[in-house]
Structure formats: structure tokens, C-alpha cells
Amino acid sequence: MSPLDIVFLVSGVGYVLARRTLGEAPHAGLPLVAPVALACEGLISLSGAHPTGPAAATAALAGAGCLLSVAVGLARGAAVRIGERDGAPWLRYGSGALLLWLLDAALHTALALLGWSRGVLLAVGLGMVAETLVALHRAARCGRTAPGAPHDPHDPHDLRAPDGGRAPRAPVPPFRRRW
């Protein structure tokens, strides 16, 4: 891994961890920017890489690393807490998601010790994409209207005012858990 790859990895993972720990609204494209950027950078760095060992072993380690990262990413997406803020879904990491991040870091450290460190960006990026897609799907299924969507007066779950939520309303607690 080059120093630039390490900077991409630390900044991308740090950005996603900070955003999801503080909480964020599930917009369609914004949560996917950092994970897709990491996966693309990982794919670019892998395409110019020369295998250091037997090609079959390198491909097997690359596939195992990506599959493990996607599996942990799917579990992290299922562990994201979905609450409600201002009548719209709100995604936030809980302790389970943070523990899964530690598991993912341990898996990639073990793979790096086995000699596969080139595809870490790709694997982490794919895991974050899987996590984000699961969390967005769960938020869409919870029955709340996404921010920025037009008001639907016939939807009993749309708690926003008909003017798009700009009318003053009673204060809402900052975070309510929605299962």
C-alpha cells in the first residue's frame, strides 16, 4: 500500500465513522460517495499491481478479503440504528456497528499479515457500500418519508407540514428509536 492509499483509507473510514456515529439522514446518493470512492481507488490500485506470490494464492486472498469485508459490511448495515428526526428516518451507529468495525479491522490486519495488503482499499470500500445499501434499504422500509421528498397528504406516516416541513411545529426529541 502506498502512503496515498493509507491517507485515502484513513480519511474515508474516518469520515464515514464520524458521520454515522453522529447520525445522518438517508439521502440516496450522499452516503455512498465515500464508500464508492474508496472502492474505485482500491480497484485502480489493484489494476496496476503486480502479484507478489503465486497468482492463484493472490487471487484467493483477494477474493476472501472482499467477501469477508462485504459480509461484515452487511452485518454492519443490519446493526445501524434507524431512528426518527423531524419525521424522517435517521441513521446512526450503535455499539454493535462499532464492534463490527473492530472485527473488520482485525480481519484486514490478519490478511495483511498473510501477505495481502494491496486490495484493502477495495475490500473496505465494498464493505462500506454493502453496509450503506442495507442501511438505506432498511430506512426506506421503515415507513417514513425521506428528507426532500414531496409531502403526501394521504400518507399517515408523513408527519411533515404540507409546505415541506418549513412550518413551525412542536419540538421533537432529538432521537427516537424506530424498529
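Some ground rules come before the details. Residues are numbered from 1 along each chain as its sequence is written, and side-chain values use heavy atoms, with hydrogens and water left out. Since this is a predicted model, local features need pLDDT of at least 70 and side-chain atom pairs count only at pLDDT 80 or more, while totals for chains, interfaces and linings use all residues.

**Empty space**

Rolling a probe the size of a water molecule over the atoms shows where empty space is left. Here the search runs on a 1 Å grid over the protein atoms alone: a cavity is a set of points where a 1.4 Å probe fits but cannot get out, whereas a pocket is an open set with protein on both sides within 12 Å along at least five of seven lines. A lining residue has an atom within 4 Å of a point. Grid points are joined across faces, edges and corners, and a volume is the space filled by probe spheres set on the points.

How many cavities of 30 Å³ or more does the structure hold? There is one, and the largest cavity comes out at about 50 Å³. Tyr15, Val16, Arg19, Arg20, Glu24, Leu30, Pro31, Ala34 and Pro35 line it. The elements giving two or more residues to that lining are α1 (3-22) and α2 (33-47), and α1 gives the most, with four residues. Helices here are DSSP runs (H or I, at least four residues), numbered from the N terminus. By class, the cavity lining has six nonpolar, no polar and three charged residues; Ala, Val, Leu, Ile, Met, Phe, Trp, Tyr, Cys and Pro count as nonpolar, Asp, Glu, Lys and Arg as charged, and the others, Gly among them, as polar.

Now for the largest pocket, which holds about 260 Å³ of space. It has 14 lining residues, and the closest to its centre are Leu9, Asp104, Ala105, His108 and Val124. α1, α4 (95-113) and α5 (120-141) each put two or more residues into this lining, with α4 supplying the largest share, seven residues. The pocket lining splits into 10 nonpolar, three polar and one charged.

**Salt bridges**

A salt bridge here is a side-chain nitrogen of Lys or Arg within 4 Å of a carboxyl oxygen of Asp or Glu. The count by this rule is five, and here are some of them.

| Pair | Closest N to O |
|---|---|
| Glu131 and Arg20 | 2.7 Å |

Which parts does the Glu131 and Arg20 pair tie together? Glutamate 131 lies in helix α5 and arginine 20 in helix α1, so the pair links parts that are 111 residues apart in sequence.

Glutamate 131 is buried at 0%, arginine 20 is buried at 3%, and glutamate 24 is buried at 4%. Arginine 19, on the other hand, is partly exposed at 28%. Arg19, Arg20, Glu24, Arg76, Asp104 and Glu131 are linked in a network of salt bridges.

**Cysteines**

The structure holds zero disulfides (a disulfide being a pair of cysteine sulfur atoms within 2.5 Å). Cysteine 40 is partly exposed, at 43% relative accessible area, whereas cysteine 66 is buried at 13%.

**Nonpolar core and a loop contact**

A nonpolar core is a set of buried Ala, Val, Leu, Ile, Met, Phe, Trp, Tyr and Cys residues joined through side-chain atoms within 4.5 Å. The largest one has 19 residues, and Leu9, Val13, Leu38, Leu91, Tyr93, Val124 and Met128 touch the most other members. α1, α2, α4 and α5 each supply at least two residues of this core, and the largest share, seven residues, comes from α5.

Finally, take a look at leucine 32, in the loop between α1 and α2. Leucine 32 is buried, with 18% relative accessible area. Leucine 32 and valine 129 are 97 residues apart in sequence, yet 6.5 Å apart in space, C-alpha to C-alpha.

Technical notes. Buried < 20%, exposed > 50% of the residue type's maximum accessible area, 1.4 Å probe, protein only.
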